[in-house]
Amino acid sequence: MNIIEFEDKEQLGKEAAALIARTIASKPDAVLGLATGGTPLDTYQELIHLYQSQQLSFKQTKTVNLDEYAGLDPDHENSYMTYMKRHLFDHIDLPQDQYFLPNGASPDLEKECLRYDQLIQDIGGIDLQLLGIGQNGHIGFNEPGTPFNSKTHVVKLDENTRQANARYFSSIDEVPTHAITMGIASILSSKKILLLASGKSKAKVIQYLEQTEIHPDFPASALKLHEDVTILIDREAGSLR
Ligand code: F6R
């Protein structure tokens with residue numbers, strides 16, 4: 001794991017976007033794995049800027065998102081599909097039939113997980129997977145204890161994860177209890193992984209990630225099994241190192 005520290009989250013976002021842009025420049029039909037949450041917002045803003053200033057095109061690119069809430073329609077205001085449209089897809093030239101998220105509204109969630117794994121395989125696998133990290137070490141919605149050989153699956157969200165995400169909903173009761181997430185094995189099968197962490201609230205988890213041994217109780221430690229992981233952090237997230 002190669003950890004690079006930046007002054008602030010804006011610089012971190014610029015560097016993450018530059019790395020994504022380099023991936024697309026060297027392989028225009030690259031498959032990107034994308035994340036939601038607060039962390040990648042600066043990166044997405046910078047990608048939009050690169051597109052608008054004609055430095056980057058997504059016309060041949062495909063994207064697959066890590067996760068989606070179960071029980072929310074794709075067009076629900078809090079779905080991850082809506083997040084992705086709002087913060088990236090609606091502002092770039094990525095064709096509508098080239099971005100994919102699990103469908104949390106599927107009547108058969110188990111079948112949907114199998115479909116999603118097959119889809120990732122059919123489009124050639126993920127070239128670059130972008131990740132955030134939860135304060136409990138989760139990646140995607142792989143909460144502590146998730147087996148490292150897990151593929152896309154349905155998860156019950158940790159209370160602490162639901163609390164952290166409640167800021168996007170009008171009350172905690174509205175935060176879904178379950179989600180579909182790519183598994184740890186799905187994430188590890190990406191060719192390259194780029195994990196981002198910013199802010200003081202991530203300082204402990206970054207310190208722990210660096211020091212801990214590989215163990216399912218700390219899902220992000222699985223990244224130590226991958227040979228091409230870059231971690232970009234800002235100074236606050238690095239303050240306990
Ligand atoms: C989001 C995801 C999550 C987040 C993590 C950090 O698609 O899979 O693992 O990356 O919860 O969230 P933020 O960035 O909001 O701190």
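This report describes helix packing, nonpolar cores and selected residues in a predicted model.

## Packing of α2 and α3

Two packed helices are described by the angle between their axes and the distance between the axes. Helix α2 spans residues 41-52 and helix α3 spans residues 80-87. Their axes come within 10 Å and cross at roughly 45°. Angles from 65 to 115 degrees count as roughly perpendicular and those under 35 as roughly parallel; α2 and α3 are therefore oblique to each other.

On the α2 side, the contact is made by L41, Y44 and I48. On the α3 side, Y83, M84 and H87 take part. Sorted by class, the contact has five nonpolar residues, one polar residue and no charged residues.

In soluble globular proteins, nonpolar side chains tend to be buried together. The largest nonpolar core of this model has 40 residues, and L47, L88 and L194 touch the most other members. Two or more residues each are given to this core by α1 (9-26), β2 (31-34), α2, α3, β6 (128-131) and β9. The largest share, seven residues, comes from α1.

With neighbours within four places in sequence left aside, L88 is in contact with L34, Y44, L47 and I48. Of these, Y44 and I48 also belong to the α2 side of the contact with α3. A second, separate core has 29 residues, including Y116, I123, I139 and L223.

Helix α7 covers residues 203-211, and its buried residues are A203, V205, I206 and L209. These four span an arc of only 170° around the axis, so they are on the same side of α7. K204 and Q211 are exposed on the other side of the helix. The buried residues of α7 pack against two strands, β9 (192-197) and β10 (229-234).

T230 is placed in strand β10. Its relative accessibility is 14%, so T230 counts as buried. Apart from neighbours within four places in sequence, T230 is in contact with N2, I4, I193, L194 and L195. One of these, L194, is among the residues that touch the most other members of the largest nonpolar core.

## The loop between α7 and β10

I214 is found in the loop between α7 and β10. I214 has a relative accessible area of 37% and is partly exposed. Setting aside neighbours within four places in sequence, the residues in contact with I214 are F148, S221, K224 and L225. I214 and L225 are eleven residues apart along the chain, and their C-alpha atoms are separated by 8.0 Å.

Y51 lies in helix α2 and counts as partly exposed at 27% relative accessibility. When neighbours within four places in sequence are left aside, Y51 is in contact with L56, F58, H91, I92 and D93. Y51 and Y116 are 65 residues apart in sequence, and their C-alpha atoms are 28 Å apart in space.

Q54 is found in the loop between α2 and β3 (62-65). At 74% relative accessibility, Q54 counts as exposed. Most residues other than glycine have a negative phi. Phi of Q54 is near 60°, a positive value in a residue other than glycine.

## C113 in helix α4

C113 lies in helix α4, which runs over residues 109-122. With a relative accessibility of 2%, C113 counts as buried. C113 and I180 are 67 residues apart along the chain, while their C-alpha atoms are separated by 7.2 Å.

Y168 has its place in the loop between α5 (159-165) and β8 (178-181). Y168 is partly exposed, with a relative accessible area of 38%. Its contacts, leaving aside neighbours within four places in sequence, are with G37, G38 and N78. Between the C-alpha atoms of Y168 and K202, 34 residues apart along the chain, the separation is 19 Å.

Definitions and conventions. Residues numbered from 1 in each chain as written. Predicted model: local features only at pLDDT ≥ 70, side-chain atom pairs only at ≥ 80, totals over all residues. Heavy atoms only, no water. Axes fitted to C-alpha atoms, helices over the stretch in contact; angles between N-to-C directions. Parallel < 35°, antiparallel > 145°, perpendicular 65-115°, else oblique. Contact = heavy atoms within 4.5 Å. Nonpolar A, V, L, I, M, F, W, Y, C, P; charged D, E, K, R; others polar. Buried < 20%, exposed > 50% of the residue type's maximum accessible area, 1.4 Å probe, protein only. Arc of directions from axis to C-beta. Core = buried A, V, L, I, M, F, W, Y, C linked by side-chain atoms within 4.5 Å.
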